[in-house]
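Take a moment to look the chain over before reading on.

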Amino acid sequence: MTKATLLRTTANRAGLQLQRFSPLSSRREHGSVQEYFSMTEKPVLHYFNGRGRMESIRWLLAAAGVEFEEKLFETREEFEKLIQGGTLMYEQVPMVEIDGMNLVQTRAILRYVAAKYGLYGRNPEEQAWIDMYVEGLRDLSDMIMYFPLSLPEEKEMNLEYILERAKTRFFPVYEKALRDHGQDFLVGNRLSWADVQLLEVILMAEECEAGVLSGFPLLQDFKVRISQIPTINRFLQPGSQRKPPLDEQSIGTAKDIFKFERGMFLKNMSTIVAEY
């Protein structure tokens, strides 16, 4: 095996195959040995020490079996230093250093990671289905993500709203998708970004109500099945880079860093503007 050849493997059950990649063979992206070695380095994730929008990126990298490093800032000053360094295109995080690039914007990062590691379908039709599924899940995950920031007097109402939407709008879609598709996975016959995102959101919803899947037997089976994929199972174990739900201390830290306030009304998510 020469320097110009990179071999990568992932779980057979997830349908990802041993692939040969020659990064020095194309000047389109890899015009030098220095650029090649930058591609072999671990991705570096820049964020605060919490879930937020980076958590789905952690999930996807972990599912692909990719080791990554994190540079976590804890103060506004550390965040501003990163901004002043000129690597944040829109002065926002998350930001991921990967393949010699500083990637920003959550969906762009996720799509790049999914495509790079074989989690983005085999053709445009599969990619369209994956996009539809993950965009729908984003609506639910955003509601759950912002829930800890509710005002005390709004918490009960917001929780009821989240659970009602999960049970009547979102989970029925994925229960039907699994039934109609008749496969272990949402799209095609192998693991995709959509499966990883669905498991993440299921677990988030169960943190709100343990029995939220009681009316969805196929989703219950899906949760068990996908959780047993070795790379994902490792990410679910204590001591992994998976982050816990926001507590009062981490909420205070996030507020100080990103300068937002409580009371982000969950029924109007599209009107929220925050670097979070």
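In helix α8, the buried residues are L219, F222, R225, I226 and S227. Here "buried" means under 20% relative accessible area, "exposed" means over 50%, and "partly exposed" is in between, using a 1.4 Å probe and protein chains only. Helices (H or I, at least four residues) and strands (E, at least two) are DSSP runs, numbered from the N terminus. The cover over the buried residues of α8 includes α6, α7 and α9 (230-235).

A word on what you're looking at: this is a predicted model, where local features need pLDDT of at least 70, side-chain atom pairs count only at pLDDT 80 or more, and totals for chains, interfaces and linings use all residues. Residues are numbered from 1 along each chain as its sequence is written, and side-chain values use heavy atoms, with hydrogens and water left out.

Now for one of the partners of α8. Helix α7 (residues 193-208) packs against α8 (residues 217-227) at an angle of about 115°, and their axes are 10 Å apart. That angle makes α7 roughly perpendicular to α8. Axes are lines fitted to C-alpha atoms, for helices over the stretch in contact, and angles run from 0 to 180 degrees between N-to-C directions. Angles under 35 degrees count as roughly parallel, over 145 as roughly antiparallel, 65 to 115 as roughly perpendicular, and the rest as oblique. The crossing of α7 past α8 is left-handed, a term used if the near helix is turned anticlockwise from the far one by less than a right angle (clockwise would be right-handed).

Which residues do the touching? From α7 come D195, L198, L199, I202, L203 and E206, and they meet L219, F222, K223, I226 and S227 of α8. Sorted by class, this contact of α7 with α8 has seven nonpolar, one polar and three charged residues. For that sorting, Ala, Val, Leu, Ile, Met, Phe, Trp, Tyr, Cys and Pro count as nonpolar, Asp, Glu, Lys and Arg as charged, and the others, Gly among them, as polar. Contact itself means heavy atoms within 4.5 Å.

Setting aside residues up to four places away in sequence, L219 touches F171, Y174, E175, L178, L198, I202 and L213. L219 also belongs to the largest nonpolar core, which has 80 residues; L140, F171, L186, L219 and F258 are those with the most contacts inside it. The largest share of this core, ten residues, comes from α7. (A nonpolar core is a set of buried Ala, Val, Leu, Ile, Met, Phe, Trp, Tyr and Cys residues joined through side-chain atoms within 4.5 Å.)

Another helix pair comes next. Helices α5 (residues 124-146) and α6 (residues 155-181) pack at an angle of about 160°, with axes 11 Å apart, and are therefore roughly antiparallel to each other. Their crossing is left-handed. Y133, G136, L137, D139, L140, M143 and I144 in α5 meet a set of α6 residues that includes R165, F171 and Y174.

Follow L137, which sits in helix α5. L137 is buried, with a relative accessible area of 0%. Apart from neighbours within four places in sequence, L137 is in contact with Y174, A194, Q197, L198 and V201. L137 and Y174 lie 37 residues apart in sequence and 9.6 Å apart in space, C-alpha to C-alpha.

Over to α2 (residues 55-63): how many of its nine residues are buried? Nine of the nine are, so this helix is mostly covered. What covers them includes β3 (44-48), β4 (69-73), β5, α4 (106-116), α7 and α9. Just after α2, G65 takes a positive phi of about 75°.

Most residues other than glycine have a negative phi, and most peptide bonds are trans. E91, though not a glycine, has a positive phi of about 60°; at 44% relative accessibility, E91 counts as partly exposed. D99 has a positive phi near 55°, but D99 counts as buried at 14% relative accessibility. The peptide bond from V93 to P94 is cis, with omega near 15°. Both E91 and P94 are in the loop between α3 (76-84) and β5 (95-98).
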